[in-house]
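Please examine the sequence and the structure shown here. The paragraphs that follow lead through a sheet and then a helix.

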Amino acid sequence: ENDHQVKAGGNQVAGIKFILPSTNPFFANIKLWRRYIDDILIVWHGPLETVSTFTEWVNTLNPFLRFTSTMSTNEISFLDLLIMNGKLITSTYQKPTDRNSLLTYDSHHPKSLRDNLPFGQFLRLRRNCSSTHTYNTQANDLQTKLLARNYPREIVNRAPKRARNNNREALLEPNTRDINKSMTCVTTFTPLSNKIKRTILKRWSILGSSGCNIPRPLFAFKRSQNIKDVIIHTRPRNITQTQ
């Protein structure tokens with residue numbers, strides 16, 4: 001009997017109520033059970049064919065819940081990770097049907113967001129990939145995708161080097177930064193947003209001189225309405241019928 005990796009999809013309540021109770025005839029087979037929302041990762045000890053039997057059994061417990069499962073003795077995807085057997089080797093998982101849906105550089109978004117998006121994507125690869133070789137391979141693929149979305153070559157070439165210099169063990173640690181208690185100024189993004197931000201910060205000292213000890217605010221921008229929002233409606237409009 002070997003340990004097998006199983007990925008299941010279902011409902012979080014079902015995972016707690018039905019999969020792990022002592023009345024579960026397959027309870028002894030489950031060596032590891034991890035869940036994120038409705039995705040479940042199980043390390044299964046026992047014959048591989050019993051996984052299908054277990055899935056069938058779970059689907060008899062509640063007519064309103066339906067589980068599907070994927071199993072493998074070698075590797076399995078969970079969330080955006082590809083987990084391999086023998087020892088824990090991970091990389092960023094990409095579905096075969098994935099397409100290049102990265103934000104285009106000429107999109108109507110803050111320039112700071114567009115300039116830093118590549119670094120954020122490479123940092124994700126650095127965190128997910130357990131080997132430098134895998135990181136370099138996936139980083140090369142990501143560079144090609146970014147260039148195809150019109151990102152400047154200078155930014156695309158600099159970002160993977162910055163990400164590679166980060167210690168992976170530190171990236172895997174929980175974020176322990178202190179919560180910034182500054183207030184946040186939220187507004188819809190427009191071509192004038194940065195000018196408004198600079199003006200507010202430039203005049204912020206006026207509040208300090210008046211005795212108000214208020215930290216400088218943070219700025220966050222909401223997406224403005226686009227053509228898709230105008231054309232497509234999630235709810236049908238009220239149509240006044242004329243006689």
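**The sheet and its neighbouring helix**

Leu81 in E6 is the bridge partner of Phe78. The model is a predicted one, in which local features need pLDDT of at least 70 and side-chain atom pairs count only at pLDDT 80 or more, while totals for chains, interfaces and linings use all residues. Residues are numbered from 1 along each chain as its sequence is written, and side-chain values use heavy atoms, with hydrogens and water left out.

Strand E6 (residues 81-84) runs antiparallel to E5, and four bridges join the two. Strands (E, at least two residues) and helices (H or I, at least four) are DSSP runs, numbered from the N terminus; two strands pair if DSSP finds at least two bridges between them. The open sheet has three strands in the order E5-E6-E7, with antiparallel pairing. Strand E5 (75-78) and E7 stand at the edges, each with a single partner strand, so one side of each has no neighbour in the sheet.

Helix H4 (residues 132-148) has 17 residues. Its buried residues (under 20% relative accessible area, with exposed meaning over 50% and partly exposed in between; 1.4 Å probe, protein chains only) are Tyr135, Gln138, Ala139, Leu142, Gln143 and Leu146. Seen down the axis of H4, these fall within an arc of 155°, so they line one face of the helix; the arc is that of the directions from the helix axis to the C-beta atoms. The face turned away from the buried side of H4 carries the exposed residues His133, Thr144 and Ala148. Just after H4, Asn150 takes a positive phi of about 70°.

Technical notes:
Expected span 1.5 Å × (residues − 1).
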